[in-house]
Amino acid sequence: MQKQSDLLWVEKYRPKKIADVTGNDEAKALFLDWLKNKKHTKKAVLLYGPPGVGKTTLVMAAASEYNFNVIEMNASDTRSEKAINAVAKPATSYTSLDSFSGAAKKAGGNVLFLDEVDGIAGNEDRGGVNAILKIVEESLVPVIMAANDPDVEKLRPLKKVCLLVRFHQVRIPLIIALLQKICRLEGVKAEFEALERIAQNSKGDVRSAINDLQSLSEENHRLTLQDTLTLSSRNKDVSFDDTLRGFFSAQSIADTSRLLSYSNVDYDDFLLSVADNLPKRYTDAAELAKAFDFVSKADVFRGRIGTENWHLLKYFFNCLAEASAVNPASYKPFTFITPPIRVITLFWTKGKRTTLDAICGKIGAQCHVSHQIAREQYVPYIRLILQKKPKSPLAAWFKFTPEEVNFLVTMGRF
Amino acid sequence: MTIVLNSKGFKLPRLEKEKFVSLIHLGLDYDRNAGLFSIKSYNNIEKLIETVGVILGDEVVFQQICIGCGKSFGCKECSYVETCSTKNLPFSCVCPKCLRGQSSEASLVNF
């Protein structure tokens, strides 16, 4: 089990009671009023507001206080109609298997919590919004949703059936007071101006303020205004190339960790670029293998972070930092490959992919199959037929243009 | 001059029906017996404050309650008012005295 001292302060001081959730008192009152009232006028509630202001924390604190079992689906889960029904349907019934166990007798029942509903998009989440609507209509248990941006077009039908509860950025004085409390509990001697600077830099995001406080004061248990001066660079645009250069020339793990935490680069692109450039950085095979091992671990953490579990970012940074510091002494300047090869490849093949997509669309329309099936199961054979007989009536039947026929005949791999 | 209102109950001059209805739609509640308006929903708070401001012909600010000492205070007293993106809401905050003074320790217990 993880020791208390090893925990991130964000987790350690995550409110367990509703009263402990900082700020947004009106939103809290409205939400609790809805939760406690068994005869809801609206069957679901949509909590919305910027990240880090306590939406998820409030739901968890309320669940713990009223003994609700929270059945949660967040952005890291696929939220297609099928997936939502598989999880939510059993959860939204009062009589679940849980009710037969002794411990569950005390429980207040189930609550379905769908976090980051504004993130439901794309083919993977097809039918998700409609499935949620159905669940809300039929549900016997409270359905709670959270979103950062409620104005997404897809959420319009959901907003009609939900009680809307708006969360605002948490104010600077409230964040300062919370940081003061954490400092007291952790035995950190902090200057007021330093806490003030962290709070202002957080822009109302309590989570990032606590993370900043921990990163700056955990080691020395002292915090001065001077220590917080590096915080300003968080909002500066450290370019992708500069971050990459700093990464490969770093002399220690701590250097790289600091650099990464202050840079605003896209983590996915950065990871790809690091992987592309590692063979140039490490010429020794054993060092290269070790570095790639760390990058692969970083990739695993990036996947686990998704769009929600940002508390794992520290581990992502640590793994990347380890990759940069396998052998700091061996660093020699080299020309970086940037942007990532994968991004360049996608850029150069965009025209080809668009043509192939159009061809698959025509095949799909005639044969009543999806683009994917057309690409995987039809294109190879149509290509062979057309290579042997370019003027085959098949081309006319599919309504291929001469350019599309030529593309199919000459295409290499797809 | 800024008009400071108490969110739990404030009076407005007699309104035309359309204006009254629009205020109710924006989230105000009206206690017919006491003749007092109060804020019921905070989702359109900016628009609500703007409309009340137009009715009263001046800038409107709601009183804040300090979670430390429990006293009312105005946002004007706060040194972060210029950078605060949530003026008026929530109606509870930490007053400058509590934030820097001895009583801030007491206020922290509430978090």
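**Strands, helix faces, contact and confidence**

Author: In this predicted model, strand β2 (residues 28-31) of chain B and strand β3 (residues 36-39) of chain B run antiparallel and are joined by 4 bridges.

Reader: In the hairpin of β2(B) and β3(B), which residue takes a positive phi?

Author: Within the pair, B:D29 stands opposite B:S38 in β3(B). The hairpin has 4 residues between the strands. The positive phi, near 70°, belongs to B:G35.

Reader: Which strands stand at the edges of the 3-stranded open sheet of chain B, and why is one side of each left without a neighbour?

Author: The sheet has mixed pairing and the order β6-β5-β7. Strand β5 (residues 64-66) of chain B pairs with β7(B) in the parallel sense over 2 bridges, and B:I65 has B:S92 as its bridge partner in β7(B). Each edge strand has a single partner strand, so one side of each lacks a neighbour in the sheet; these strands are β6 (72-73) and β7 of chain B.

Reader: Which are the edge strands of the open sheet in chain A?

Author: The sheet consists of 5 strands with parallel pairing, in the order β2-β3-β4-β1-β5. An edge strand here pairs on one side only, which holds for β2 (68-73) and β5 (162-166) of chain A.

Reader: What stands opposite A:V70 in β3(A)?

Author: β2(A) pairs with strand β3 (residues 109-114) of chain A in the parallel sense, over 6 bridges. In β3(A), the residue opposite A:V70 is A:V111.

Reader: At about what angle to β2(A) does helix α3 of chain A run?

Author: Helix α3 (residues 55-65) of chain A lies across β1 (44-48), β2, β3 and β4 (143-147) of chain A. Its direction relative to β2(A) is given by an angle of about 150°.

Reader: Within what arc do the buried residues of α19(A) fall?

Author: In helix α19 (residues 402-410) of chain A, the buried residues are A:V405, A:F407 and A:L408. What covers them includes α16 (350-367), α17 (371-388) and α18 (393-397) of chain A, while A:P402, A:E403 and A:T410 are exposed on the other side of α19(A). Seen down the axis of α19(A), the buried residues line one face of the helix, because they fall within an arc of 160°.

Reader: Which element supplies the largest share of the side of chain B that touches chain A?

Author: The contact takes 23 residues from chain A and 20 residues from chain B. On the side of chain B, β7 (92-93), α3 (96-100) and α4 (104-108) each supply at least two residues. That side divides into 12 nonpolar, 7 polar and 1 charged residues. Its largest share, 3 residues, comes from α4(B).

Reader: How many contacts does the stretch with pLDDT below 50 have beyond near neighbours in sequence?

Author: Where pLDDT is low, predicted coordinates should not be read in detail. In chain B the pLDDT is below 50 over residues 103-111. Beyond near neighbours in sequence, the number of contacts of this stretch in the model is 23.

Methods
Residues numbered from 1 in each chain as written. Chains lettered and ligands numbered in written order. Predicted model: local features only at pLDDT ≥ 70, side-chain atom pairs only at ≥ 80, totals over all residues. Pairing = 2+ DSSP bridges. Contact = placed C-beta atoms within 7 Å. Nonpolar A, V, L, I, M, F, W, Y, C, P; charged D, E, K, R; others polar. pLDDT = per-residue confidence, 0-100. Axes fitted to C-alpha atoms, helices over the stretch in contact; angles between N-to-C directions. Buried ≥ 20, exposed ≤ 12 C-beta atoms within 10 Å, placed from the backbone. Arc of directions from axis to C-beta.
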